[in-house]
Amino acid sequence: MEKAKLSMTRTTMKRWLMVLCVLAGIAGCGRDSPEARLRQRIDDMQAAVETQRPRDFMDGVSEAFTGQDGMDRAALHNLLRMRALANARTGATIGLLDVRVEGENATVEFPLLLTGSSGRLLPEQAATYRVTTTWRQEGGEWRVYHARWKDRP
């Protein structure tokens, strides 16, 4: 009888170890690649623009941000707030992302269509841009620290 208990205990332990190994393997596979996390950050920032949440957008912007024509982080935040106040609806449609990750840094280029509306079915304002952004990991999170854009006719 003692032998049967010991055998059952060993079998149970082996099963639990196997289950733990499988769970550890699944957890390891669940980790997103740096590129996947960067793409998710961009998706989150796009959603923040479209839902008029400038503060949430700024979570993805480095304290050391510089933009076109000397724009700093505060100026970018003010621009987003102004746009949210001026439009009942804001659209931000991002085209195909060209992502290049190099260690803790990345460059992302994409076309962007921005629209603004007073709430009607069709937007009253629309502009397209070609955007180039430079990113780095800060505290384990991707943050944009430089951006430039060109108007596209």
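Biologist: Which residues does Phe65 touch, not counting those up to four places away in sequence?

Modeller: First, this is a predicted model, where local features need pLDDT of at least 70, side-chain atom pairs count only at pLDDT 80 or more, and totals for chains, interfaces and linings use all residues. Residues are numbered from 1 along each chain as its sequence is written, and side-chain values use heavy atoms, leaving out hydrogens and water. Contact means heavy atoms within 4.5 Å. With that cut-off, Phe65 touches Met71, Asp72, Arg73, Leu76, Val144, Tyr145, His146 and Ala147.

Biologist: How many residues does the largest nonpolar core have?

Modeller: A nonpolar core is a set of buried Ala, Val, Leu, Ile, Met, Phe, Trp, Tyr and Cys residues joined through side-chain atoms within 4.5 Å. Buried means under 20% relative accessible area, with exposed over 50% and partly exposed in between, using a 1.4 Å probe and protein chains only. Those with the most contacts inside the largest core are Leu38, Phe57, Val61, Phe65, Leu76, Val108 and Trp135, and its residue count is 26.

Biologist: Which elements each supply at least two residues of this core?

Modeller: Helices (H or I, at least four residues) and strands (E, at least two) are DSSP runs, numbered from the N terminus. The list for this core has both kinds: α2, α3 (54-58), β1, α4, β4, β5 and β6.

Biologist: Which residue in the turn between β3 and β4 has a positive phi?

Modeller: Strand β3 (residues 98-102) runs antiparallel to β4, joined by 5 bridges, and Glu102 stands opposite Asn105. The two strands form a hairpin with 2 residues between them, and the one with a phi of about 65° is Gly103.

Biologist: Is Thr115 buried or exposed?

Modeller: Thr115 lies in strand β4 and touches Arg83, Arg89, Thr90, Gly91, Pro123, Gln125 and Ala126, again leaving out residues up to four places away in sequence. Because its relative accessible area is 18%, Thr115 counts as buried.

Biologist: How much space lies in the largest pocket?

Modeller: On a 1 Å grid over the protein atoms alone, a cavity is a set of points where a 1.4 Å probe fits but cannot get out, a pocket is an open set with protein on both sides within 12 Å along at least five of seven lines, and lining residues have an atom within 4 Å of a point. Grid points are joined across faces, edges and corners, and a volume is the space filled by probe spheres set on the points. The largest pocket is lined by 25 residues, with Phe57, Leu76, Leu112, Leu114 and Val131 nearest its centre. The space in it is about 630 Å³.

Biologist: Which element gives the largest share of the lining of the largest cavity?

Modeller: The largest cavity has a volume of about 80 Å³. Its lining is Ala48, Val49, Gln52, Arg53, Pro54, Phe57, Leu80, Arg83, Ala84 and Thr90. α2, α3 and α4 give two or more residues to that lining. The largest share, 3 residues, comes from α4.

Key:
Pairing = 2+ DSSP bridges.
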